[in-house]
Amino acid sequence: MNFDLVINNGTVIDGTGCPRFRADLGIRDGHIAAVAPGERLSGQRTLDAGGLVVAPGFIDVHSHSDWILPLPDHDEILAPLLLQGVTTLITGNCGFSPAPATEASAPLLDGYSEMMRERAFSYRWRSFAEFLDALERDGLLLNAAFMVGHGALRYAVMGDRADGSAPPTSDEMDARMSAIRRMSAIRLCRLARQALREGAFGLSAGLAYAPGVFAHNEELLALLQTVAEEGGVFTVHGRAYTWVSPFYTPMIVGTPHNVRSTRELLELARQAGVRLQLSHLIFVGRRTWRTYRTVLQDVERAAADGVDVAFDAFPYTVGNSTIKVVFPDWFLDGFADNIDDPGALRRLKREIDLLRWTLGLGYGDITLLWARVPELAELEGLDFAAIARRLRMPAFDAYVHVARASEGKARVLLGTYSGDGGREEPLRAALAHPLCAFMTDTILTRRGQHNPASFGTFPRVLGRYSRDLGLFPLEDAVRRMTAFPAQRIGLDGVGRVAEGAWADLVLFDPRVVADNTTPDHPDAPPSGIHVVLISGQLVAQDGQIVGRKRHGRVMRR
């Protein structure tokens, strides 16, 4: 047969979890045209995969590249993802997406996206379809599939009112606000349905971030019912990943708040009948680690009872977020005023001091990645205990100082995520779980310090956790970064080595594949990723991007 490219002598791990096998692959017109165990194929070009695993391209099921992909130089910025074997991004997570956009909501989108973007750009689109069309015209380095963000919907429908809960103060006001909420929910559902029909694979929400933090459960339920009717998936950053948080009362006694958050989401999914993907399942703070068995058991119980649920996790005990992540909803509602209000700051300090004590999370566990303002750039890479010493002020004041100077848009790296350097039992339990897909959750820009997940996530899973620690077989590791996330999101033609599938492939050496990042060198490239192909085209080889042409595809539901 006439193949454009033949991969000879490879050990195929096909993404299904089945045992590996030796086979040649024949590629034609961007697709896998033949999988030939025991046969020798020939074609116009050949690639010798002797000693290497041939696997489907890795799917980053939780990415934050939304405000990078529209840039003309996004291929330079996102190259580290490709070089670790990622061929498909699932983006639009945690409630953040660049579409839909209105003339009034575009500046609001700009405001909440600043920590995730390289630089500002014009919103050349209004609808979700127009957004996807614009990306398709420009071309993509990697394949990309998109969620529509709950925050983007809220800003489009409610404008700047989306950032306030506006609690009623009388029965009459309560009735009026209920009617407003019902009307807003109707408009949100209508806009969500439109985005899903225009190509979004589902709805994402960030319930610990403004404006998602202000959403009531009746609003979420109505949206989830719409998503279920359209056959989409709901991906969600929950209200709490700590055993105590500002989002639930009572503050300390009773069910741990991260457990309450997970149960709340499982119940919403059950009522709506929606496919649920719990985003970045983490246990933040040393005193939260003990809750991991309960959360995993709740997920297993819900799945056994018929809830279509899974989750994702990254293989690190640190994760990036906004500096505002530790602030309660009352402080976020009117942040610009509260950050300069002595009374609000005194209350905030009491609450954060209590949280630090109850969580086992200190200022030394939070590192400043990007300060946003040039005069604070010298503090990037330091934790806030060190920053406090550098600035000669108490740690709380140093944290508030950076939050104020950056207008709440600085980026931080938080530690104690499901473990630390000395213990990572919760992390390993999450990663080893069969319902866990792997992802980066990274914010990758040129600015500031890097999250190591941008450079080493998938090699770290394959090397440290599969080969070295033996948490799961290599076949299962590949399954949970390929076919499993494709099935969860609803992607066709990717995630498997099979005839007819897209020829998005990774060739890696299972003996040496490794993440080489360290705290001092979070941008060190990985080892063992030899070849990456997208649509049958060679795009990376031995740690280098190959060619200038973009072969990524915009994926639509």
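This is a predicted model: local features need pLDDT of at least 70, side-chain atom pairs count only at pLDDT 80 or more; totals for chains, interfaces and linings use all residues.
Figure 1. Now for the pair as a whole: the two ring centres lie 5.6 Å apart and the planes meet at 40°, so Phe 438 and Phe 472 form a tilted pair. Phe 438 belongs to strand β16 (residues 436–438), while Phe 472 sits in the loop between α16 and α17 (474–479), so the pair ties together parts that are 34 residues apart in sequence.

Figure 2. Follow the chain and you will see that the pair links distant parts: Phe 58 is in strand β6 (residues 58–60) and Phe 458 in helix α16 (residues 453–468), 400 residues apart. Both Phe 58 and Phe 458 are buried.

**Figure 3. A cluster of aromatic residues.** Ring pairs join Phe 327, Trp 330, Phe 331, Phe 335, Tyr 363, Phe 384 and Tyr 399 into a cluster.

**Figure 4. Two arginines over aromatic rings.** Arg 287 lies over the face of Trp 357, at a distance of 5.8 Å from the ring centre.

**Figure 5. Helix α3 packed with helix α5.** Two packed helices are described by the angle between their axes and the distance between the axes. For α3 (residues 106–113) and α5 (residues 150–158), the angle is about 145° and the axes are 9 Å apart. The crossing of α3 past α5 is right-handed. On the α3 side, Leu 108, Leu 109 and Tyr 112 make the contact; on the α5 side, look for Gly 151, Ala 152 and Tyr 155. By type, the residues of this contact of α3 with α5 are five nonpolar, one polar and no charged.

**Figure 6. Helix α4 and the glycine that follows.** Helix α4 spans residues 128–138, and its buried residues include Phe 128, Ala 129, Phe 131, Leu 132, Ala 134 and Leu 135. An α-helix has 3.6 residues a turn, so residues three or four places apart point the same way. Just after α4 comes Gly 139, with a positive phi of about 90°.

Key. Residues are numbered from 1 along each chain as its sequence is written. Side-chain values use heavy atoms; hydrogens and water are left out. Helices (H or I, at least four residues) and strands (E, at least two) are DSSP runs, numbered from the N terminus. Buried means under 20% relative accessible area, exposed over 50%, partly exposed in between (1.4 Å probe, protein chains only). Rings of Phe, Tyr and Trp (its six-membered ring) pair if their centres lie within 6.5 Å; planes under 30 degrees apart count as stacked, over 60 as edge-to-face and the rest as tilted. A charge sits over a ring if NZ of Lys or CZ of Arg is within 6 Å of the ring centre and within 35 degrees of the ring normal. Axes are lines fitted to C-alpha atoms, for helices over the stretch in contact, and angles run from 0 to 180 degrees between N-to-C directions. A crossing is left-handed if the near helix is turned anticlockwise from the far one by less than a right angle, and right-handed if clockwise. Contact means heavy atoms within 4.5 Å. Ala, Val, Leu, Ile, Met, Phe, Trp, Tyr, Cys and Pro count as nonpolar, Asp, Glu, Lys and Arg as charged, and the others, Gly among them, as polar.
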